[in-house]
Amino acid sequence: MSRFVRIDRAFRGAIRQRVNGAVVFDEPMAAHTWLRVGGAADVYVAPNSPDELTALVKWLVAEDVSYFIIGDGSNLLVKDKGIRGVVIDMSAGIKGISVLSEGPVSTVVQAMAGESLHRLCRFAIDKGLAGLNFAVGIPGSVGGAIMMNAGTADGAVEQVLTQTTVLFADGRMEFLKNSSLAFGYREFKIPGAHDPLHPPVVIEGSFQLQSSSREDLAAEAKALLKSRSERQPKGGASAGCIFKNPQNAEPAGALIEQSGMKGVKLGDALVSEKHANFILNRGNAKAGDILQLMEKVQSAVYKKFGVELKPEVRIVGE
Ligand SMILES: Cc1cc2nc3c(=O)[nH]c(=O)nc-3n(C[C@H](O)[C@H](O)[C@H](O)COP(=O)(O)OP(=O)(O)OC[C@H]3O[C@@H](n4cnc5c(N)ncnc54)[C@H](O)[C@@H]3O)c2cc1C
C-alpha cells in the first residue's frame with residue numbers, strides 16, 4: 001500500500017523548506033503511540049499551522065509521496081517495520097479552541113484537530129457548556145475523536161459535532177455540515193472515494209453545546225473520571241479497548257473474560273486482569289506480540305461463542 005520515498009538530500013531539503021515545525025527522518029513511532037510500539041516512519045513531520053499543513057499535503061500529493069495522519073496516537077497500533085512515507089502529526093501545531101457563536105440556550109465551540117480532547121472538555125466545563133462530558137477521560141486529539149467517533153455509553157462525537165472542515169488530497173477544503181456527516185460505530189465516514197495513500201485530513205470541528213451549570217458539569221466530570229479509573233487498568237501502555245463491542249452479543253470484554261483469556265501473556269503483551277478488552281504493553285512488547293495476542297483472543301472468543309471480534313485499534317504500517 002505504501003509508496004517508496006527516496007529520502008535523498010534533495011527530498012530532505014525540500015520537505016524541511018516546507019515545514020517550520022519538526023521534521024525527523026526514521027522516527028520510531030513507538031514514541032508517538034500510547035501502546036509504545038511501532039517501527040520507524042520514513043519521515044515524521046509536525047506542521048505548525050493549517051496553512052503549512054495544506055501546502056505540505058498538496059506538495060506530497062504532487063510528488064506522489066504517501067502520507068498518514070496521526071493525532072495523539074492513542075488508538076494506533078503501528079507494526080514493527082514502521083510506516084513508509086510521511087507521518088503528519090496534527091497534535092503539535094494545529095491547535096486552538098474558540099467560541100463561534102453564543103446564544104442563551106446553545107453555544108457553538110470550534111476546536112482545531114490537533115487540540116487535546118481533554119482541553120476541549122475542560123473549556124466546555126469552565127464555560128458552563130454541557131454536551132462533552134461523555135468524552136472526559138478519553139485520551140487523544142479532537143481530530144482523532146472525530147475520525148473515531150469517540151464515545152462511551154454516555155454519548156459520542158456524532159451527537160455534538162455540527163460541522164467539520166476537511167482537507168482533501170486534491171487540495172479542496174470542504175465544510176461538511178450536519179446532514180452530510182455520516183458516522184458509524186467508532187468511525188466517521190468522510191463522503192467521496194479516497195486514495196488510501198493520500199487520506200482526507202480533518203482540520204477542525206464545531207460542537208453545539210447547551211448552557212448548564214459549571215458546578216454540576218464539574219461534579220459530573222469528576223464522577224465520570226472516578227468510575228473510569230475504577231474500571232480501567234492503571235500502569236502499562238494501552239490503546240484503550242482493543243476490540244469493538246460486537247452487535248447482538250455481550251461486550252467484547254465479557255466475551256474475552258468468559259473465554260479464559262484474561263491475564264494471558266505473550267512476551268510483554270498482556271490481556272489486562274482488570275478489563276479484558278485492554279491489551280497492555282508492560283514494557284518491551286513488540287507490535288508483533290500484541291498482534292499475535294489479539295489473534296489468540298479472537299480465536300478463543302470465536303471458538304467459545306462463534307463471535308468474530310473486530311479490532312477497534314487502527315492497525316497501520318508494515
Ligand atoms: C486509556 C485509553 C482509554 C480510551 N478510552 C476510550 C473511550 O472511552 N472511548 C473511545 O471512543 N476511545 C477510547 N480510547 C481510544 C482513543 O483514545 C480514541 O479513539 C481517540 O479518539 C483517538 O484520538 P487520537 O488523537 O489519539 O487519534 P490517533 O490514535 O492518532 O488516530 C486514530 C485514527 O484517526 C486518524 N486521525 C487522527 N487525527 C486525524 C485528523 N486530524 N484527520 C484525519 N485523520 C485523523 C488516524 O489516521 C487514525 O486512523 C482510549 C484509549 C486509551 C489509551
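Q: Which residues are closest to the ligand, and how many surround the ligand?

A: A residue is near a molecule if its C-beta atom, placed from the backbone, lies within 6 Å of it. Here 30 residues surround the ligand, and the closest are Gly71, Gly140, Gly143, Gly144 and Gly240. This is a predicted model, in which local features need pLDDT of at least 70 and side-chain atom pairs count only at pLDDT 80 or more, while totals for chains, interfaces and linings use all residues. Residues are numbered from 1 along each chain as its sequence is written.

Q: Which helix or strand gives the most to the shell around the ligand?

A: Helices (H or I, at least four residues) and strands (E, at least two) are DSSP runs, numbered from the N terminus. Helix H4 (142-148) gives the most, with five residues. Strands S3 (67-70), S9 (151-152) and S15 (201-211) are also among the elements that each supply at least two residues of the shell.

Q: What domains does the assignment give?

A: Domain bounds come from an automatic or database domain assignment. For this protein the assignment gives domain 1 (9-89), domain 2 (97-231) and domain 3 (252-316). The shell around the ligand draws at least three residues from each of domain 1 and domain 2. The C-alpha centres of domain 2 and domain 3 lie 29 Å apart.

Q: In what sense do strands S11 and S12 pair?

A: Two strands pair if DSSP finds at least two bridges between them. S11 (residues 161-167) and S12 (residues 173-177) pair in the antiparallel sense over five bridges, and Thr165 stands opposite Phe175 in S12. The two strands form a hairpin with five residues between them, and Gly171 in the turn has a positive phi of about 95°.
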